[in-house]
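Please work through the exercises below with the sequence and the model side by side, trying each task before reading its solution.

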Amino acid sequence: MSVRIYHNPRCSKSRATLALLEENGHAPEVVEYLKTPPTEDELRQVLAALGLGPRDVIRTGEAAYKDNNLADENLSDDQLIAAMVADPILIERPIVVSGGKAKIGRPPEGVLDIL
């Protein structure tokens, strides 16, 4: 079974999740999503696998969130997804995808549930 991690090497939770995967015998495909952002379709697939909407995985503490007025409740899911694709720092991290399921690695041990 393939395992993919949407990873930010500067994030301690992301590093801990990657290490946990490797310690448990997995060699995940590492996607540094800030360098290689997901497409809109990929992000939609990840959201579906998570069973979450874009507001559930958007990083509200980022400057891009405030600068783009993404707290506006009138924004559609399509608009939020477009914002996350355009500025991937807005996507919560890390996200692990395996076997059609996905989990946010907060805490890192939670990703083991989908493996």
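The model is predicted, so local features need pLDDT of at least 70 and side-chain atom pairs count only at pLDDT 80 or more, while totals for chains, interfaces and linings use all residues. Residues are numbered from 1 along each chain as its sequence is written, and side-chain values use heavy atoms, with hydrogens and water left out.

**Exercise 1.** Determine which residues line the largest cavity.

Solution. A cavity is a set of points on a 1 Å grid over the protein atoms alone where a 1.4 Å probe fits but cannot get out, and its lining residues have an atom within 4 Å of a point.

**Exercise 2.** Decide whether L21 is buried or exposed, and list its contacts.

Solution. L21 belongs to helix α1, residues 12–23. Its relative accessibility is 0%, and L21 therefore counts as buried (buried means under 20% relative accessible area, exposed over 50%, with a 1.4 Å probe and protein chains only). Apart from neighbours within four places in sequence, L21 contacts V3, I5, H26, P28, V96, V111 and L115, where contact means heavy atoms within 4.5 Å.

**Exercise 3.** Find the backbone oxygen that lies 3.2 Å from a polar side-chain atom of S98.

Solution. S98 lies in strand β3, residues 95–98, and is buried with a relative accessible area of 2%. Residues up to four places away in sequence aside, S98 touches M1, S2, V3, I114 and L115. The backbone oxygen in question is that of S2.

Notes:
On a 1 Å grid over the protein atoms alone, a cavity is a set of points where a 1.4 Å probe fits but cannot get out, and a pocket is an open set with protein on both sides within 12 Å along at least five of seven lines; lining residues have an atom within 4 Å of a point. Helices (H or I, at least four residues) and strands (E, at least two) are DSSP runs, numbered from the N terminus. A polar contact is a pair of N or O atoms within 3.5 Å; within protein, one must be able to donate a hydrogen and the other to accept it, and residues adjacent in sequence count only if both atoms are side-chain atoms.
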